[in-house]
Amino acid sequence: MEVRVQDIRKDFGRFPALDKVSLDIRSGELIALLGPSGSGKTTLLRLIAGLESPTDGTIFFGDDDASKKTVQERNIGFVFQHYALFRHMTVIDNVAFGLKVRPSSRRPAAADIRKRAEDLIDLVQLGGLEKRYPAQLSGGQRQRVALARAMAVEPNVLLLDEPFGALDAQVRKELRRWLREIHDRTGHTTVFVTHDQDEALELADRVVVMSKGRIEQVGTPDEIYDTPNSPFVFGFIGQSNTLPVRVENGQLWLEDRSIGVSAPGEPAGPAELYFRPHDIDLLDGCGGCLAGVVTLSRRVAGTRHVELDIAGSTRRIEIELPSDVAATPGTRIAFRPNRWRLFRS
Amino acid sequence: MTISLPQRWQFRQPSVIPGFGLALGVTLSWLILIILIPLSGLAWRSSTLGWSTFWTLATDQRTLNALKISFGTAFLAALANVVFGVLLAWVLVRYRFFGRRVIDAMVDLPFALPTAVAGIALTTLYAPNGWIGSLLTPLGIKVAFTPLGIVFALIFVGLPFVVRTVQPIMEEIDREVEEAAATLGATRFQTVSRVLLPGLAPAVLTGFALAFARGVGEYGSVIFIAGNLPYVSEIAPLLIVIRLEEFNYPAATAIAAVMLMISFVMLLVINSIQAWSRRRYGYGA
């Protein structure tokens, strides 16, 4: 189901956790709320769920105004970071809980509940563990039970709060791929919160980058990575370098030297240059380039990460080179960014 | 060449935590000194009675009635304590209100107060001419000097046991578990009755067992309020004292031995139910 968040504000005491946030979530999409801690992403998720009530603003589920409804009435599925399973219930009882507590007029027959719970347990690949208690399962298995439990009620929207946050790296990776598969098969509109950008970029159809209670950018993983629209997003997603430059006659200058990058149409004045470590061209000579002395060279898998001391700047610049380039500390390297953005403060 | 050592059962597994021998030694000696020697003395005394004498003494009608009253009132009091103790713990854990600390401290008073003082206070209140007793008498309810009075006294002394065992477990309950139940459509009542309370069952059972055990052994507070009518409101511990004062040691020993056996079996059963549910629910996991 389509979910629309309109001008939502949420204050905790005098501190605004969310400030005039609007977001359209399309039906059937898998969308990630990404941001550092304190950015308001979990608050937004809990507001959609109805676990918090907004100070101001409205939330629509389809055409229904959901903000007046209680958590119970919204019919959502929520998965918590620490699973929040009912520990005195077996796996199957946990999964069936949402159906069993329905008023008798809407409750399926006991046999149907059982069937549905069993199907879901198979879907999350836990067949054979129906009679286990949560304490007898591993973390990854518990989180899968939690997901099955949330899906059992046929939720309007599935909300996941850092679903893989408590798991170790190997399991995280596996569950990530698996969640994508489940989503593609079931087609639930899904919103998940994460502070792990790899998770968001790899898993989501669209990513919402949040900071300090506001939405910074919404877009596909490619858009977010390739065309960040703010210094925050540029700095938060992936690796980036910044240099204080000057624009003069459509050319970029670092101190008194041109760096060989033209910025046609840019008004003159100081600006901040952002570029990613791998978006550079290595140059032999230097007639209009950035040049620096290698201070540190690290081999990381198939590439070489090189830290440079750039003349005219105290900032540490890191670039990525092919691993066969010998960049011994003390040598000079000249390069020019081939993809970059300018931001002005 | 390696020498293969025969795999033998070892009393103690090799461990980096030192002091096993010393700790176990002290523990065992202490248990023997404090619990085992007095109790085996009791068992030994009753075994010298001979089976038929023991049986006659143990099945004496007055003894049977006293045992019934002791275990029956202790059971009822423990049940009442479970209901109100859980409620009290809930209020103390869940709500923040003015005077919470004071109420929290008050819960422990029955631990500290001399039980005789409690008994006298309760008797004064519930006697037909007392504050509460005078209100109940017109309704035809007699509390003091009846088995009901014994139940009241035992509720008083047993309350802290339930509250203090349930409270820490309740504090551990994750808010998220309640939120999870709510997102799944459970009403508040369903959340409490199907999620929160069942999770507390092992702790409640412990509290029940402790309150019950305390009730069975209670003497001081009960003898004031019970009226101590033989066959009606006379508890087993009192009957033991009466027999001792009559220098009827065999009878006293027999009652004591029966109490000991019943208590031990009941506690053993409760403890195993508890261990089983704890294993299932994975406490501490």
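In what order do the strands of the open sheet of 5 strands in chain A run? I shall answer that in a moment, after a word on conventions.

What we have here is a predicted model, in which local features need pLDDT of at least 70, side-chain atom pairs count only at pLDDT 80 or more, and totals for chains, interfaces and linings use all residues. Residues are numbered from 1 along each chain as its sequence is written, while chains are lettered from A and ligands numbered from 1 in the order in which they are written.

To the question, then. The order is β15-β19-β16-β17-β18 in chain A, and the pairing is antiparallel. Strands here are DSSP runs of E of at least two residues, and helices are runs of H or I of at least four residues, both numbered from the N terminus. Two strands are said to pair if DSSP finds at least two bridges between them. At the edges stand β15 (280-283) and β18 (316-322) of chain A, each with a single partner strand, so one side of each is left without a neighbour in the sheet.

In the model, residues 3-237 of chain A are 37% helix and 25% strand.

Which residues of β3(A) are buried on each side? Leu30(A), Ala32(A) and Leu34(A) are buried on one side, and Ile31(A) and Leu33(A) on the other. Buried means that 20 or more other C-beta atoms, placed from the backbone, lie within 10 Å of the residue's own. In all, 5 of the 5 residues of this strand (residues 30-34) are buried. β3(A) pairs in the parallel sense with β8 of chain A (residues 190-194) over 5 bridges, and Ala32(A) has Phe192(A) as its bridge partner there. With β9 of chain A (residues 206-211), β3(A) pairs in the parallel sense over 4 bridges, and Leu34(A) is bridged to Val209(A).

I turn now to chain B. This chain has 13 helices and 0 strands. Its radius of gyration is 24 Å, well over the 19 Å that the globule rule gives for 285 residues, so chain B is more spread out than a compact globule. The radius is taken over C-alpha atoms, and the rule is 2.2 Å times the number of residues to the power 0.38. Along its principal axes the C-alpha trace of chain B spans about 85 × 60 × 30 Å, and 33% of its residues count as buried.

Finally, UniProt, again in an unreviewed entry, places "transmembrane region" at several spans of chain B, including 105-127 and 195-213. Residues 105-127 of chain B are 78% helix, with end C-alpha atoms 28 Å apart. Residues 195-213 of chain B are 100% helix, and their end C-alpha atoms lie 28 Å apart.

Key: Buried ≥ 20, exposed ≤ 12 C-beta atoms within 10 Å, placed from the backbone. UniProt positions renumbered as here; feature names shortened; annotations may be inferred.
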